[in-house]
Amino acid sequence: MNSKMIYVVSDSVGETAELVTKAAASQFKGYEIIIKRIPYVETQSNIDQVIQLAKKNSGIIAYTLVKPETRMHMKEMAEREDIFAYDIIGPLIDNLQNCFESQPLYEPGMVRKLDDDYFKRVEAIEFAVKYDDGRDPRGILRADIVLVGVSRTSKTPLSQYLAHKRLKVANVPVVPEVDPPEELFLVPPSKCIGLKISPEKLNNIRRERLKILGLNDQAIYANMERIKEELAYFDRIVARLKCPVIDVTNKAVEETANTIINSIQN
């Protein structure tokens, strides 16, 4: 089997260049393609070393170098030594510069910085799942926001929506027979958000929920007197917390979330 060495060169980690190169190389059968990543190539001497390595092993080069001077040096040296070198990102940067009529940053590693934002979002989503519905009161003290409300006031969907905004959210259900966790009264009132809803709206939501589950919609869960009892208990809890309260009766999750985000930013 024929073998070929491809040197993937980058002025950052090189994940993007390696991924693109692997995708292209996967289209060719009958070759043993060896991909070697060389990250953090930032100087002309670094490039010269890569060129000599590729020349010695009859390799080819695929590179993502964002600075014009290093790109140009790679191109010139590869041509001089008769080595095939493919610029993955340079032409696109140049074309985007023309399209945007704006000067690029020419800063290596920007994708990694974007990835940090992604990982923060994932961390927030995992946090929302772990501390959903009062499962672990320890999350209350670690949360950016703590949602408080009776069952079916959109606490879980709100937690997930806010998590996509990189906010760590815990939510606590309010039930008359169960004392709220002590941690709830230790967080600053500004971090707690009470979710209020009208009895009639909650009754409709719960009845529909019971129908979906194949249960009798006249169950105590959807009983109007029971609902009023729960909401009265909720009012007493949020009065103790002295926290903001949002009426979610006729609000979409997105609307409530934006209200919360605006409140914590002010």
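Over how many bridges do strand β1 and β2 pair, and in the parallel or antiparallel sense? Strand β1 (residues 2–10) and β2 are joined in the parallel sense over eight bridges, where two strands pair if DSSP finds at least two bridges between them. Strands (E, at least two residues) and helices (H or I, at least four) are DSSP runs, numbered from the N terminus. Within β2, lysine 36 is the bridge partner of tyrosine 7.

The model is predicted, with pLDDT of at least 70 needed for local features and 80 or more for side-chain atom pairs, while totals for chains, interfaces and linings use all residues. Residues are numbered from 1 along each chain as its sequence is written, and side-chain values use heavy atoms, without hydrogens and water.

The open sheet has four strands in the order β2-β1-β3-β4, with parallel pairing. Its edges are β2 (31–38) and β4 (85–87), each with a single partner strand, so one side of each lacks a neighbour in the sheet. Neighbouring strands are turned by 20 degrees against each other on average, direction ignored.

Helix α8 (residues 199–212) and helix α9 (residues 224–241) have axes that come within 10 Å and cross at roughly 120 degrees. Axes are lines fitted to C-alpha atoms, for helices over the stretch in contact, and angles run from 0 to 180 degrees between N-to-C directions. The two helices α8 and α9 are therefore oblique to each other, a class left for angles that are not under 35 degrees (roughly parallel), over 145 (roughly antiparallel) or 65 to 115 (roughly perpendicular). The contact (heavy atoms within 4.5 Å) involves Pro199, Glu200, Leu202, Asn203 and Arg206 of α8 and Met224, Ile227, Lys228, Glu230 and Leu231 of α9.
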